[in-house]
Amino acid sequence: AFSKLNRSVVASCSHNGTCKIWNISNGECLKTLEHDEESAVITVAWSPSNETQLATGADDNKVRIWNTDTSECRELVGHESWVTSIAYSHDGITLVSASKDHTCRLWNVANGTELRIFRGA
């Protein structure tokens, strides 16, 4: 995922339980954010309003919002299966996550509150 606020970095996710932040110009790994070793990180998105914040979704059913400076994260729990996609609203206030449990969930980024559930078939 490309950062809209810091055009010199990109984030990648991996089945080894990590999300890595890379320097685009020289390929250097700047930071590794570690999930549980047994988790596969499926999706990653940068906040459009905070250059030190990104979100990840994994096969442990959790969304995590990370502070890339401190490597601290907040876990958003509610999905009952893998989180397959995430996206921030344009203002960065809300995050949407989609899961193999056939739901999309809206989250308040500031406090992690689940705002709404959309259920599919």
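## Close-ups of a predicted model

**View 1. The largest nonpolar core.** Eleven residues make up the largest nonpolar core here: Ala45, Ala55, Val63, Ile65, Leu76, Val83, Ile86, Tyr88, Leu95, Trp107 and Val109. Two elements each give two or more residues to this core, namely S6 and strand S8 (83-88). S8 gives the most, with three residues. For the term itself, a nonpolar core is a set of buried Ala, Val, Leu, Ile, Met, Phe, Trp, Tyr and Cys residues joined through side-chain atoms within 4.5 Å. Buried means under 20% relative accessible area, exposed means over 50%, and partly exposed is in between (1.4 Å probe, protein chains only).

A word on the model before moving on. This is a predicted model, where local features need pLDDT of at least 70 and side-chain atom pairs count only at pLDDT 80 or more, while totals for chains, interfaces and linings use all residues. Residues are numbered from 1 along each chain as its sequence is written, and side-chain values use heavy atoms, with hydrogens and water left out.

**View 2. The four-strand sheet.** Here the strands run in the order S8-S9-S10-S11, forming an open sheet with antiparallel pairing. S8 and strand S11 (114-119) are the edge strands, each pairing on one side only. From one strand to the next, the twist averages 15 degrees; the axes behind such angles are lines fitted to C-alpha atoms (for helices over the stretch in contact), and angles run from 0 to 180 degrees between N-to-C directions. Strands are DSSP runs of E with at least two residues, helices are runs of H or I with at least four, and both are numbered from the N terminus. Two strands count as paired if DSSP finds at least two bridges between them.

**View 3. From S8 to S9.** Five bridges pair S8 with S9 in the antiparallel sense. Look for Val83, which stands opposite Ser99 in S9. The hairpin of S8 and S9 has five residues between the strands, and Gly92 takes a positive phi near 80 degrees there.

**View 4. From S9 to S10.** Strand S9 (residues 94-99) and strand S10 (residues 103-108) run antiparallel, joined by five bridges. Val96 has Leu106 as its bridge partner in S10, and Ala98 stands opposite Cys104 in S10. This hairpin has three residues between the strands, with His102 at a positive phi near 70 degrees.

**View 5. The three-strand sheet.** S1-S2-S3 is the order of this open sheet, and the pairing is antiparallel. Its edge strands, each pairing on one side only, are strand S1 (9-13) and strand S3 (29-34). The twist averages 20 degrees from one strand to the next. Strand S2 (residues 18-23) runs antiparallel to S3, with five bridges joining them. Trp22 stands opposite Cys29 in S3.

**View 6. Glu75 and Lys62.** A search of the whole structure turns up five salt bridges, a salt bridge being a side-chain nitrogen of Lys or Arg within 4 Å of a carboxyl oxygen of Asp or Glu. One of them brings together the side chains of Glu75 and Lys62 (3.3 Å, N to O). Glu75 lies in strand S7 (residues 72-77) and Lys62 in strand S6 (residues 62-67), so the pair ties together parts that are 13 residues apart in sequence. Glu75 is partly exposed, at 38% relative accessible area, and Lys62 counts as partly exposed too, at 24%.

View 7. The side chain of Arg105 meets that of Asp101 in a salt bridge (3.9 Å, N to O), and both residues are buried. Arg105 also has a salt bridge to Glu114 (2.8 Å, N to O). The relative accessible area of Arg105 is 4%, whereas Glu114 is partly exposed at 31%. Elsewhere, salt bridges that share partners join Asp60, Lys62, Arg64 and Glu75 into one network.

**View 8. Lys100 over Trp82.** Lys100 lies over the face of Trp82, at 4.8 Å from the ring centre. A charge sits over a ring if NZ of Lys or CZ of Arg is within 6 Å of the ring centre and within 35 degrees of the ring normal.
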